[in-house]
Structure formats: structure tokens, C-alpha cells
Amino acid sequence: MDRIIKALPKNIADKIAAGEVVERPLSIVKELLENSVDAGATSVTIEIEKGGKEYIRVTDNGCGIERLQLELAFKRYATSKIATEDDLNSIETLGFRGEALASIASVSKVKLISKTRSNPVGASIELSEGESLGVNDSASEDGTTIIVKDLFFNIPARKKFLKPDNVESSLIIDFVSKMAIAYPDIAIRLISNKSVLFATNGKGDLLANIYTVFGPHISEGLVPVDITDGENSLKGYISSPTQSKNNKKWQIFFVNGRLVKSKVLEDAVSKAYHDKLFEGHYPICFLFLETNPKALDVNIHPHKTEIRFYDDEETKDFMVKSIRSALLNPDALKANISEKKLEKLSSNKQEATIENVIESIVEEEVKIDDYFKSLRKDSEIQEKFELESSNNNSEVITNENHKITREFCFSKLSYIGECFETYLLCKDEDALYIIDQHAAHERVMFEKLWADYNKEANDAQTIITPIVITLSLSSKEAALDKLGELKAIGFEIEDFGPDSFVFKAIPSCMDIQEAEGFLNEFFESAVEASFGTKINIDKIISRSCKAAVKAHDRLDKSEINRLLSDLDKCENPFSCPHGRPTFLKLSNYDIERMFKRK
């Protein structure tokens with residue numbers, strides 16, 4: 001059958017085009033907030049209801065729109081931000097396509113009220129499915145207010161694919177939080193379901209905004225970055241190597257004021273920290289790169305979060321040098337000085353303060369590259385000793401000449417000391433055993449938690465002092481429908497303000513420290529699974545090593561005996577949940593061979 005080419009009706013064409021710009025409520029908030037920034041606003045209020053699916057309102061005190069231009073503002077490709085083809089090669093505003101308002105209006109019900117400073121009265125316009133319902137006079141403060149209702153009311157197929165309210169809310173909260181960090185000179189207030197989530201003061205204090213939006217658990221200990229080299233400038237905050245996360249959620253990048261996702265910038269951060277963090281750990285960073293607009297292309301995708309640098313390597317090199325330079329400044333060094341280090345560095349009863357040891361610590365810190373390289377080398381050597389368990393866990397081969405059977409009892413070993421505050425030294429009549437206290441405790445905790453999770457009724461213990469877990473606002477919103485997993489293990493949970501949960505009971509197999517470590521790991525994973533997928537609780541349990549005893553934690557004799565006894569009860573005591581060995585066995589023969597006696 002012959003197919004006839006014909007122009008689509010405007011209402012269908014507009015809906016297709018809107019699909020590229022308006023994917024979900026977040027898309028609308030993003031476009032409107034960026035418009036407010038471009039309009040020179042110093043105050044912006046964002047209000048949403050039901051995740052923005054039913055109601056979005058953005059109010060700013062920017063330059064406003066003239067009455068005669070209100071209808072034109074909703075025409076596709078109408079914009080005040082570019083005028084010529086050359087302007088596309090040097091974009092200095094967040095918006096520039098002229099598609100946002102037209103796209104939003106075509107899939108929702110919109111009302112815009114605006115007033116310029118030169119006009120005594122404002123004006124308003126209402127639209128439905130992209131069609132103007134008329135322009136009228138309206139009482140208004142200087143600036144613009146846009147109200148968007150009933151998103152996708154005319155495209156039911158799109159509406160049914162929206163996620164639950166808390167998921168859509170979390171995405172909006174996350175974006176607005178980041179914009180509040182990037183624009184500390186703008187007072188930004190976010191309201192969800194009539195509750196004020198946060199409000200920044202617009203006084204230009206970036207670190208204060210990080211504290212306001214993300215809380216002290218993120219803002220404390222950050223190191224400032226402020227480097228300029230030619231046309232490139234990098235400002236913001238990064239974490240010291242001692243403060244890291246297990247994912248890249250806290251790596252936030254802005255380029256020329258635009259929130260971006262950039263492999264170039266991520267790789268630069270990884271390279272800057274490559275000798276300072278172990279694999280699977282990532283630094284926190286709030287980094288704002290300013291560069292010549294002609295040196296990058298932002299006109300790649302309608303979402304405008306993807307950019308392309310004309311010289312990736314030059315940008316990466318500048319980033320790496322700037323970050324590494326910041327990590328060597330006194331603030332970074334102070335953040336890395338622990339109380340133990342102070343005690344070691346202060347001798348002859350000299351007062352142990354940051355100030356009187358900073359000079360000593362510099363010499364130690366410049367050796368950090370060699371230190372981490374040696375740790376990695378040790379790690380590689382350790383992996384060569386990784387134990388291999390048979391399918392039925394009946395035995396584990398530890399070397400060519402000796403095998404450990406499943407009936408082997410750790411609790412019957414004689415404890416003879418510790419090494420490097422990390423390894424427990426034990427022996428029996430035939431061999432020396434070097435037990436990694438962290439790996440061993442990980443295995444014990446994993447099996448206890450896993451057993452509790454699979455019980456029909458889980459034991460819980462009420463704690464005298466409840467545990468309060470504070471999250472970012474978006475993280476808490478994303479986690480709301482994941483709390484059942486915690487209750488299944490034995491946690492008793494209550495809401496505790498806009499950014500916190502309180503836990504009054506924990507699984508019986510955990511102590512307080514273990515419970516806190518597990519909860520922090522859980523909520524990190526809950527954010528990763530925010531799009532309705534089931535949390536892999538086994539992975540969370542296996543990754544909950546933060547709750548296990550660490551290297552350099554001193555254990556007393558009773559704790560050591562308990563650990564050895566608990567290993568006996570494990571189904572697989574030979575390796576931690578990540579596959580690393582819990583111990584090494586050196587027989588008398590092995591030791592004699594090392595000394596070349598055999």
C-alpha cells in the first residue's frame with residue numbers, strides 16, 4: 001500500500017516535540033528554575049505537590065516578561081537568549097532552545113503571571129494543550145510565577161509511566177538541592193506538599209548552603225578548591241581521602257553554571273584521587289568549572305546535561321592539577337589528622353594540637369603516594385592467597401601441602417598476639433594462623449544478618465538511645481518505599497523530621513555500631529534503587545563491612561575469643577562476603593621452608 005506523506009497537525013507535532021523536553025515533572029522544574037536564573041532572579045521559590053505530577057509552581061523576582069510578549073513566549077523556538085547562528089558557538093545562558101514553555105504548555109495546564117520593573121501592573125496568560133486562553137491584567141510583584149497542573153492529562157499513556165510520588169519528588173529535590181549549591185547568591189526555597197524542605201539565604205556562602213541542603217554529615221571536613229589558570233577556573237569543595245563514599249552520587253559538577261554529567265570530569269577526579277582511595281571508594285566533590293563558552297558544546301541533547309569539551313585532555317589535566325593542589329593545602333591536612341596521629345606526633349607531653357603538628361604532618365603526607373602504592377601491592381599479594389572453597393564447603397585449600405577441613409575449630413586455637421593492630425596470631429600444635437580481624441568479623445556479621453533476614457519472625461532488641469540517621473532530602477524521599485526491607489530484618493523505624501529517621505530497635509545480632517554502619521550502607525543503596533527496583537539485600541549485607549571491626553581496632557581477649565567462637569558457627573568461615581580470605585595458615589613445614597631449613 002502506498003503511504004502518503006503529510007504534515008502532522010500542530011497538536012500532534014507539539015506533543016511529539018514535547019516528549020524530548022518534558023520527560024517527567026523534574027523536566028519542568030529544571031526548565032523553569034533555569035529560566036529564573038537566566039532572568040537574573042535573586043529569590044526563587046519552587047513548590048510541588050504529589051511529586052509534581054499534579055502541581056508545580058515556580059516564583060522568582062527576575063526581570064519578568066512584557067505583556068505583549070506573553071503569547072510569543074509560548075511559541076516554539078521563541079527565545080530572548082540567542083539571536084544569530086554565531087550565538088550557538090558561545091552560549092552563556094542555561095536556556096537557549098526556545099522549546100521549554102511550548103513543550104510544557106502542550107502537555108499540561110499552565111498559568112503564567114509576570115511583571116517587569118518598568119510596568120505598574122502585571123499580566124497573566126493561561127494555556128491548555130498549548131493553546132492560549134487569553135491575556136489579562138493581573139496584580140503581581142516584579143518577576144514571574146508559573147503554575148503547571150495536571151501533567152500529561154492529555155497523554156494518558158505517558159502519565160501511567162510516571163513513577164510513584166516519592167520517586168518523582170526525590171528527583172526534583174535532588175536537582176533543586178544541587179542548584180541551590182551552585183547559586184549561593186540566589187535565595188532558593190523548596191516546598192513539597194505544603195512543607196518547606198529547605199531555604200537558602202542567598203548570601204553567597206557556598207559551604208553554608210551545602211550544610212543547609214545536605215547536612216553536617218556531608219559538609220564537615222570538606223576541603224576548599226579555588227584555582228584559576230588562564231581561561232579556566234575551578235572552585236568548590238572536595239573531601240579529604242579519609243572521607244569517601246561507595247558510589248559517585250556525591251560527585252556534583254557544574255560547568256559555566258550548568259549541572260552536567262561528564263565522563264571527562266569524573267575521570268579527572270578519579271585520576272586525582274587514584275593513589276589516595278581504594279577501589280570502590282569515591283570522593284565527595286562539589287566542583288564548579290568556568291571556562292570559555294567557545295571551548296565546549298552544550299547543544300547536544302534537549303536535556304542540556306550533556307556537554308562536549310573541544311579539548312578533553314586539557315580540561316582533565318587542569319582539573320587533576322587543581323584537585324591535587326587543593327589536597328595538599330593545610331585544610332586538607334587537618335582533615336586527615338586523626339586523634340591517634342596527634343598522640344603519636346606529640347611527644348614529651350607536648351600539647352597535641354592541630355597547629356603544633358601540621359608541620360610534621362606535611363612530611364608524612366607527601367609520602368602518601370608511596371604509602372598507597374604499598375597498600376595496593378599488599379592487597380595484590382593477599383589476593384594471591386585467596387582461599388578456594390569446594391562446592392559443598394567441606395574443605396578449603398590453603399596451600400599445596402595442607403588442607404583445612406570444615407570440622408576445624410577456630411575456638412580451639414591458642415591466641416599468641418596481634419600484628420599491625422590488624423591480624424590476630426593464633427597457633428595449634430602444627431601451624432601458625434594469621435587471622436584478618438576485619439574479614440573474619442565481616443563473615444560473622446553477614447551470616448547472622450542473612451539468617452535473620454530469612455527468618456519468618458525476626459528477633460529485635462530495643463535500644464536505650466535511639467539511632468538517628470540523617471540523609472539528604474532527596475535520599476530520604478527515595479527511600480520511603482524501601483523501609484519494608486529494614487523492618488523485615490528487625491529494625492523499628494519512625495519518621496523523624498524532613499531529613500531523618502529514628503530507629504528504636506535493631507536486629508538482635510547487631511550492636512549499635514554495626515547497626516549504624518548497616519543503615520548507612522542501606523540508604524546509600526536505596527537511593528541507587530530509587531526507580532522502584534527491589535533492593536538486593538544480600539549485596540547490602542555483604543557490603544556492610546563498614547560495621548565490622550576495622551584494621552587498627554584493638555580487641556580485648558574476650559572479643560577475640562568471641563570472634564573465634566563465632567567463626568566456628570559460620571557456614572563458610574574461610575572467606576569474607578567479598579571473597580577475601582579470613583585467615584592464612586602457615587604450617588611448621590612452610591615456615592621451615594621459608595628459612596631454607598627444608
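This is a predicted model: local features need pLDDT of at least 70, side-chain atom pairs count only at pLDDT 80 or more; totals for chains, interfaces and linings use all residues.
Figure 1. D205 caps the N-terminal end of α7, where one of its side-chain oxygens lies 3.2 Å from the backbone nitrogen of L207. Just after α7, G215 takes a positive phi of about 90°. The buried residues of this helix are L206, N209, I210, V213 and F214. They cover an arc of only 105° around the axis, so they sit on the same side of α7. In an α-helix there are 3.6 residues a turn, so residues three or four places apart point the same way.

Figure 2. Beyond the residues up to four places away in sequence, N209 touches A180, I181, Y183, P184, T200 and N201. The C-alpha atoms of N209 and F198 are separated by 9.9 Å, and the two residues are 11 apart along the chain.

**Figure 3. The largest nonpolar core and its most connected members.** This core has 60 residues, of which I46, F74, V176, F198, I210, F214 and F286 touch the most other members. Helix α6 (residues 165-182) supplies the largest share of the core, eight residues. Apart from this core lies another one of 27 residues, including L234, F253, V260 and L265. For V176, the contacts beyond neighbours within four places in sequence are V29, L33, I46, I188, L190 and F198.

**Figure 4. Five-stranded open sheet with mixed pairing.** The strand order is β9-β10-β15-β12-β13. At the edges are β9 (222-229) and β13 (258-260), each of which pairs on one side only. Direction ignored, neighbouring strands of the sheet are turned by 20° against each other on average. Strands β10 (residues 232-239) and β15 (residues 285-290) run antiparallel and are joined by six bridges. Within this pair, S233 stands opposite E290 in β15.

**Figure 5. Helices α6 and α10 against the five-stranded sheet.** Helix α6 packs on the sheet and touches β12 (251-255), β13 and β15. The direction of α6 makes about 60° with that of β12. Helix α10 (residues 312-327) also packs on the sheet, with contacts to β9, β10, β12 and β15. The direction of α10 makes about 45° with that of β10.

**Figure 6. Strand β6 and its antiparallel partners β2 and β3.** Strand β6 covers residues 143-149 and is mostly covered, six of its seven residues being buried. Strand β2 (residues 55-60) pairs with β6 over six bridges in the antiparallel sense, and D60 stands opposite T144 in β6. Strand β3 (residues 109-115) is joined to β6 by seven bridges, again antiparallel. In that pairing, I113 stands opposite T145 in β6. In a regular strand the side chains alternate between the two faces of the sheet.

**Figure 7. T582 in the loop between α20 and β27.** The loop that holds T582 lies between α20 (557-568) and β27 (583-587). T582 has 1% relative accessibility, under the 20% cut-off, and so counts as buried. The T582 side chain reaches the backbone oxygen of P573 at 2.7 Å. Leaving aside neighbours within four places in sequence, T582 is in contact with I434, I435, D436, A439, A440 and R443, and also with P573, F574, S575 and C576.

**Figure 8. Positive phi at F420 and E421.** Most residues other than glycine have a negative phi. F420 is not a glycine, yet has a positive phi of about 60°. E421, likewise not a glycine, has a positive phi of about 55°. F420 is placed in the loop between β21 (414-419) and β22 (423-427), and E421 is also in the loop between β21 and β22. At 63% relative accessibility, F420 is over the 50% limit and therefore counts as exposed. E421 has a relative accessible area of 23%, which makes this residue partly exposed.

Methods: Residues are numbered from 1 along each chain as its sequence is written. Side-chain values use heavy atoms; hydrogens and water are left out. Contact means heavy atoms within 4.5 Å. A nonpolar core is a set of buried Ala, Val, Leu, Ile, Met, Phe, Trp, Tyr and Cys residues joined through side-chain atoms within 4.5 Å. Buried means under 20% relative accessible area, exposed over 50%, partly exposed in between (1.4 Å probe, protein chains only). Helices (H or I, at least four residues) and strands (E, at least two) are DSSP runs, numbered from the N terminus. Two strands pair if DSSP finds at least two bridges between them. Axes are lines fitted to C-alpha atoms, for helices over the stretch in contact, and angles run from 0 to 180 degrees between N-to-C directions. A polar contact is a pair of N or O atoms within 3.5 Å; within protein, one must be able to donate a hydrogen and the other to accept it, and residues adjacent in sequence count only if both atoms are side-chain atoms. The arc is that of the directions from the helix axis to the C-beta atoms.
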